[in-house]
Amino acid sequence: MVSAKTSLFCIIGDPIEHALSPIVHTELFKRYGIDAVYLAFRVKKTILKDAVKALRILGVKGFSVTMPLKVDIMNYLDVISETSVLTGAVNTVKNTGKELVGYNTDVNGVIYAFSRAGIKVNEKRIVMIGAGGAARAVVAALYTLGIRDLIVVNRTLERGLELAKHFKDKVNVKVFKLGSREAKDATLRCEILINATSVGLRSNEIVIDPSLLEGKEGVFDVVHVPPRTRLIREAEARG
Ligand SMILES: NC(=O)c1ccc[n+]([C@@H]2O[C@H](COP(=O)([O-])OP(=O)(O)OC[C@H]3O[C@@H](n4cnc5c(N)ncnc54)[C@H](OP(=O)(O)O)[C@@H]3O)[C@@H](O)[C@H]2O)c1
């Protein structure tokens, strides 16, 4: 039962309606007898600074951060974990009462997904489409798994180049513009394809021409709503 002592946790992002975290956390609070509620707040980039100030002042115990705030949020925190520094993005913030501490749990999520699928990424030709916060977590995970070369394809070339610059001492990232001849060639020839864009989120859209999915060893999609995106279905249909 909710009382004046109940702790508040939340997720911030824009859009936010698709977020599964309130359902998952509410279930876990119930299961483990934790006196807390977990809500979702739509926060645009333009009001992020004020929103973080409000969460801090109101003593919110912790919050998840989703697109498009995972990179910008780092400007408003007191401490950033090592994985978040490597990633250049934060998806989880803990309020210790004195400080807001940023973590990135997406990195472990990606590592877990590859190991569960039994896919070894070492020495593989990998193309990742996307260059936002989730994409950075994927690169950090691939680096942790031993990858030193990667092709990134993004709609906005500059953002891809920014990501390459961020990882320049760790991963050799080549960047191509989505839709370019080079991007299509690389996508066709790669063994592992990763979608780290939001394309397919609550829609039947697909970020590339499905014919480019032939002969892949693995296809990974960061979009989790729906659980099987069109990209995954088209890849499965091609074996
Ligand atoms: N499975 C999970 O646990 C998990 C965890 C984290 C995130 N996610 C999902 O990952 C997705 C991306 O999140 P994010 O935080 O990385 O967002 P973000 O920082 O806003 O980045 C979005 C990325 O998608 C690209 N994009 C958006 N619309 C596009 C379109 N119409 N055509 C081509 N590219 C497009 C953007 O390209 P530009 O640079 O050109 O704008 C950018 O690369 C979301 O769907 C989110 O729900 C899932």
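The second largest pocket is lined by 17 residues, and Lys124, Arg125, Ile126, Asp149 and Leu150 lie nearest its centre. A pocket here is an open set of points, on a 1 Å grid over the protein atoms alone, where a 1.4 Å probe fits and which has protein on both sides within 12 Å along at least five of seven lines; lining residues have an atom within 4 Å of a point. Two or more lining residues come from each of β7 (126-129), β8 (149-154), β9 (172-177) and α7 (181-189), where helices (H or I, at least four residues) and strands (E, at least two) are DSSP runs numbered from the N terminus. β8 gives the most, with 3 residues. The space in this pocket is about 290 Å³, a volume being the space filled by probe spheres set on the grid points, which are joined across faces, edges and corners. By class, the lining has 7 nonpolar, 3 polar and 7 charged residues; Ala, Val, Leu, Ile, Met, Phe, Trp, Tyr, Cys and Pro count as nonpolar, Asp, Glu, Lys and Arg as charged, and the others, Gly among them, as polar.

The model is predicted: local features need pLDDT of at least 70 and side-chain atom pairs count only at pLDDT 80 or more, while totals for chains, interfaces and linings use all residues. Residues are numbered from 1 along each chain as its sequence is written, and side-chain values use heavy atoms, with hydrogens and water left out.

The ligand has 23 residues around it, of which Lys70, Ala134, Asn154, Thr156 and Val222 come nearest; a residue counts as near if one of its heavy atoms lies within 4 Å. This shell has 10 nonpolar, 9 polar and 4 charged residues. Because domain 1 (7-104) and domain 2 (107-237) both give residues to the shell, the ligand lies between them; the domain bounds come from an automatic or database domain assignment.

A polar backbone atom of Val222 is 2.9 Å from a nitrogen atom of the ligand. On its own the ligand has 930 Å² of accessible area, and the protein covers 80% of it (Shrake-Rupley method, 1.4 Å probe).

Most peptide bonds are trans, and most residues other than glycine have a negative phi. The bond joining Asp14 and Pro15 is cis, with omega about 5 degrees, and Pro15 is in the loop between β1 (7-13) and α1 (21-31). The bond from Val225 to Pro226 is cis, with omega near 5 degrees. Glu123, not a glycine, has a positive phi of about 65 degrees.

Methods:
Polar contact = N/O pair within 3.5 Å; in protein donor to acceptor, adjacent residues only side chain to side chain.
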